[in-house]
Amino acid sequence: MFGIGLQEILLIALIVLLFFGGKKIPELMKGLGKGVRSFKDGMNGTDKAEETEKKDKEEKN
């Protein structure tokens with residue numbers, strides 16, 4: 001994964017833990033999860049909009 005090994009991931013996790021503290025990490029991960037979900041929903045919405053446009057064009061012809 002991007003040339004990052006287990007040791008580097010653990011080091012980054014330790015730095016994040018020290019920087020933000022144990023109580024803030026769940027809140028940060030929850031916000032990150034919501035952001036990813038919102039992005040996926042937006043991408044799916046774009047796909048659905050394109051499908052709807054194609055169907056409308058086919059019905060007109």
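In the predicted model, helix α1 spans residues 6-20; its 15 residues reach 21 Å from the first C-alpha to the last, close to the 21 Å expected at 1.5 Å a residue. The expected span is 1.5 Å times one less than the number of residues, and helices are DSSP runs (H or I, at least four residues) numbered from the N terminus. Residues are numbered from 1 along each chain as its sequence is written. Because the model is predicted, local features need pLDDT of at least 70 and side-chain atom pairs count only at pLDDT 80 or more, while totals for chains, interfaces and linings use all residues; side-chain values use heavy atoms, with hydrogens and water left out.

A nonpolar surface patch of about 740 Å² comprises Ile-12, Val-16, Phe-19, Phe-20, Leu-28, Met-29, Leu-32 and Val-36. Patch residues have over 30% relative accessible area and no salt bridge, nonpolar side chains (Val, Leu, Ile, Met, Phe, Trp, Tyr) being joined within 5 Å and like charges within 9 Å; areas follow the Shrake-Rupley method with a 1.4 Å probe, and for residues only the protein chains shown count as cover. Both α1 and α2 (25-60) supply at least two residues of the patch. Phe-20, located in α1, is partly exposed at 39% relative accessible area.

A search of the whole structure identifies 1 salt bridge, defined as a side-chain nitrogen of Lys or Arg within 4 Å of a carboxyl oxygen of Asp or Glu. Lys-24 pairs in this way with Glu-27, the closest N and O atoms lying 3.7 Å apart. Lys-24 is partly exposed, at 45%, whereas Glu-27 is exposed, at 52%; buried denotes under 20% relative accessible area, exposed over 50%, and partly exposed the range in between (1.4 Å probe, protein chains only).
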